[in-house]
Amino acid sequence: MKTMLIVFGLFVATTTAAVQAQTALSAPDWNSYQDMAVDLMRQYLRINTSNPPGHEIETAKFLKRIFDREGITSEIFEYKPARANIIARIKGNGLKRPIILLSHMDVVTADASAWRADPFAAEIIAGSIYGRGALDMKSEGLLHLMTMIILAREKPLLARDVIFIATADEEVKDEGSIWFIANHAELFKNAEYVITEGGDNLLDPAGKVKYVGVDVAEKAPFWLQLIARGQPGHGSRPIADSAPNRLARAMARIVNYETPIKLLPAVEKFFHDIALLQSEPWRSKFAEIRQSLNDPSFARELLNDREYNYMLRNTISLTMLSGSKQTNVIPNEASCNIDVRLLPGTDPQDFLAELKKVIDDPTIEFKMVNTFKPPNSSSIDSELFQVISEVTRANHPEALVTTKMLSGYTESQLYRQLGITCYGWAPIYTTAEENEGVHGNNERITVKNVREGTREMYTVVSRVAH
Ligand SMILES: [Zn+2]
């Protein structure tokens, strides 16, 4: 009897443990993962990786400590002093090609005096965590990190390797990814997918997700410097064709120049999809955008909206200016920089020729100030796009899932060249006002986004990697 009882007792205990293990497998303890996510988000934001100088080695070490603790293989590549990338991997059974979770660890600088809170303290105010990088893009990096942790602990069946990559220097010269692709592409080039920044998900002020825009294409920066030269002199005796005067005339022509409208298929789809969110008359106009743009007054109204203008044309922003260092000195040289963003499919040399015609002053010199990378795009006909759509619809039944062309540049552009389908997407939902924090002041993310995003990112990645 006694023996029997012990055996029986053991049996019960084993069964209970098995049941518990099973429960853990099918239902992760979300609450504790979400607490961990908020805590790690704050720790990550407190590491100052303002670029310049970047100093991403600190965040790389922070991430490596976590990967080591979780038993996840990872490696840091310090490609120059204090500048580093990190890669981590959870192996799948190889039936499908890997998926990469890509983020950059550097952030743009912050002017603390203009902020409500210290940009590197990760203070929580009224439900939001304040910090440089809270949206761009330590938050998405954190959701990737949490996905790795949860995969390592819950051990779901994986048909793909899940690869975590966090890079340095995206905000300045993209050295991190460029170096990584040039020197260690063998670690990830067979991947099928990249998930990274660039998605645009709009939350209305009442807290409802209006749309989820997956970034499948970006515009290409084509930065130019215009230089005017002329006779120098004293400010008291004006020179009609001085360098600053020539430059001012050229700038005035640029400012008044309206680049032609070009409607790309992905943009046409975007307008068609979001038509439902508009009230009339825009609802009907958006649904038939190609035709509607023939109406000059509608086209004018649309182009006056910064959110839509950039999708429909090549754009030019006047940014840097320089001339004399003294008020009474006419300099022999004056220059300005313009930030030109070209639509996919535009040849930069054609655009330059067009611009020269507009300026109509052959003495103005043009210099390219960045390395032009031809814009590219990814098809939406993929398992990953399907899974993102399904998971989004399940969590936000009223949200539209659409494609979005980004005005800015992302690293997708580099990884697409390896034949990888790259999407800008994250389950982070922000209001238009919160978006002002990206490269602006008071960048913040709601605690709710960190908590719920942890679950949503994991759901998408584990499902597509299954
Ligand atoms: Zn970014």
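Is Arg 160 buried or exposed? Arg 160 is buried, with a relative accessible area of 1%; buried means under 20% relative accessible area, exposed over 50%, and partly exposed in between (1.4 Å probe, protein chains only). Here are some notes to read beside the model.

1. **What you are looking at.** This is a predicted model, in which local features need pLDDT of at least 70 and side-chain atom pairs count only at pLDDT 80 or more, while totals for chains, interfaces and linings use all residues. Residues are numbered from 1 along each chain as its sequence is written, and side-chain values use heavy atoms, with hydrogens and water left out.

2. **Overall picture.** The protein has 16 helices and 18 strands; these are DSSP runs numbered from the N terminus, helices being H or I with at least four residues and strands E with at least two. Its C-alpha atoms fill a box of roughly 115 × 55 × 45 Å along the principal axes. Of the 466 residues, 54% are buried. Taking contacts (heavy atoms within 4.5 Å) between residues at least 6 apart in sequence, 79% join residues at least 24 apart.

3. **The zinc site.** His 104 (NE2), Asp 136 (OD) and Glu 197 (OE) coordinate the zinc ion at 1.8 to 2.1 Å. Donors are N, O and S atoms within 2.8 Å of the metal (3.2 Å for Na, K and Ca), and sites may look incomplete, as water is not among the atoms. The donor residues follow the spacing H-x31-D-x60-E. His 104 belongs to strand β3 (residues 99-104) and Glu 197 to the loop between β7 (193-196) and β8 (200-203), so this pair ties together parts that are 93 residues apart in sequence. Both His 104 and Glu 197 are buried.

4. **A four-stranded sheet.** An open, antiparallel sheet is formed by four strands in the order β12-β14-β10-β15; two strands pair if DSSP finds at least two bridges between them. Because β12 (315-322) and β15 (365-368) stand at the edges with a single partner strand each, one side of each is left without a neighbour in the sheet. From one strand to the next, the twist averages 25°. Strand β10 (residues 220-229) and β15 are joined by four bridges, and Leu 224 has Met 368 in β15 as its bridge partner.

5. **Helices on that sheet.** Helix α6 (residues 243-256) packs on the sheet by touching β10, β12 and β14 (333-342), and its direction makes about 20° with that of β14. Helix α12 (residues 348-359) lies across β10, β12, β14 and β15, at about 35° to β10. Axes are lines fitted to C-alpha atoms, for helices over the stretch in contact, and angles run from 0 to 180 degrees between N-to-C directions.

6. **Back to Arg 160.** Glu 192 forms a salt bridge with Arg 160, the closest N and O atoms being 2.7 Å apart; the term means a side-chain nitrogen of Lys or Arg within 4 Å of a carboxyl oxygen of Asp or Glu. Glu 192 is partly exposed at 24% relative accessibility. Lys 96, Arg 160, Glu 192 and Glu 383 are linked in a network of salt bridges. By this rule the count comes to 29 salt bridges.

7. **Another pair to view.** Asp 361 and Arg 246 also form a salt bridge, with 3.1 Å between the closest N and O atoms. Asp 361 sits in the loop between α12 and β15 and Arg 246 in helix α6, 115 residues apart. Both Asp 361 and Arg 246 are buried.
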